[in-house]
Amino acid sequence: MHSTAALPTRSIFIIGAASGAGAPDPATAEGPDALRRYRVFHDTPLQHVEWGAILHVPRAARDTPLHAVAALGARLAAEVETVLRAGNFPLVVGGDHSCAIGTWSGVYRALAERGPLGLIWIDAHMDSHTFATTPSGQIHGMPLACLLGQGEATLTAIGGAEAKLRPEHVCLIGVRSYEAGEAALLQRLGVRVFDMAEVRRRGLATVFDEALALVRHGTAGFGVSVVLDALEPDEEPGMGTPVPGGLYRTELVAALSHLRGDPTFVAMEIVEYNPRRDRRHATAAAAGALVDAITPGPPTPRY
Ligand SMILES: [Mn+2]
């Protein structure tokens with residue numbers, strides 16, 4: 001028998017966020033349920049991985065996208081905070097990326113007494129629009145701006161009126177599609193952006209090391225938000241907004257595996273899985289591989 005003393009005390013607790021109102025194609029709202037049915041997230045002998053609730057937009061808030069995103073975000077923030085305060089590791093599974101406002105507001109709340117939150121945002125897009133700059137009006141293009149305290153008050157107020165992230169504790173990796181208004185906001189705030197050109201020039205391993213140093217410096221803990229569209233769409237068909245020239249699954253798995261067992265790594269989010277566009281569960285398997293990357297021990301087979 002092995003000693004239980006070496007076992008990690010945290011369980012990975014999965015919270016589904018069935019958000020679809022923040023994107024032009026609401027099919028990503030079906031993502032959490034599909035990923036739960038496909039059983040892509042695995043227990044290991046060293047790490048318990050468990051599905052909790054899949055949160056939906058309350059019926060009364062389905063009149064406008066803004067109300068839907070705000071109501072789901074508030075529920076999600078509360079749930080994430082509860083999981084963290086219970087000593088477990090929240091893994092939020094989207095849903096369109098508008099759920100990030102709730103996810104990281106909840107993490108922020110749980111950490112607030114101990115210090116600021118760091119965040120690595122792995123995405124093909126910058127998600128840093130406000131209603132003043134967005135050409136599309138889609139809220140899944142705004143969550144990072146909201147977390148930085150910019151834009152619509154209904155959204156920045158989720159989990160409290162204060163900004164949830166300080167610009168110096170955030171960075172983006174994998175960016176290759178953006179508009180001038182959001183790029184100008186991130187530049188004005190001084191947020192570090194590792195775009196795909198820089199990733200290809202310097203290698204993901206080097207860039208990821210720098211990103212980690214940045215989000216660990218002066219923070220009480222950090223998280224990672226992974227949008228599946230950061231990945232190369234030729235490899236991964238089942239994502240919300242495909243943009244060519246992305247990260248390969250193997251290189252992102254290798255980078256994320258450095259987070260395994262790190263006590264300051266406190267939460268993760270995987271969003272924009274679109275089961276209707278997926279082929280033979282290929283992109284669902286990618287989502288599973290990204291979580292296996294951070295989970296100690298070999299996966300327990302399921303029969
Ligand atoms: Mn995004």
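A residue is called buried if 20 or more other C-beta atoms lie within 10 Å of its own, exposed if 12 or fewer, and partly exposed in between, with C-beta atoms placed from the backbone. By this rule, 52% of the 303 residues of the chain are buried. The model is predicted: local features need pLDDT of at least 70, side-chain atom pairs count only at pLDDT 80 or more, and totals for chains, interfaces and linings use all residues. Residues are numbered from 1 along each chain as its sequence is written.

The radius of gyration, taken over C-alpha atoms, is 18 Å. The C-alpha trace spans about 60 × 45 × 45 Å along its principal axes.

The chain holds ten helices and eight strands. These are DSSP runs numbered from the N terminus (helices: H or I, at least four residues; strands: E, at least two).

Strand β7 covers residues 221-227, and seven of its seven residues are buried. In a regular strand, side chains alternate between the two faces of the sheet. In β7, G221, G223, S225 and V227 point one way. F222, V224 and V226 point the other way.

Strands pair if DSSP finds at least two bridges between them. β7 pairs in the parallel sense with β4 (residues 117-122) over six bridges, and G118 stands opposite F222. Six bridges also join β7 to the parallel strand β8 (residues 265-271). Here G223 stands opposite A267.

Methods: The radius of gyration is taken over C-alpha atoms; the globule rule is 2.2 Å times the number of residues to the power 0.38.
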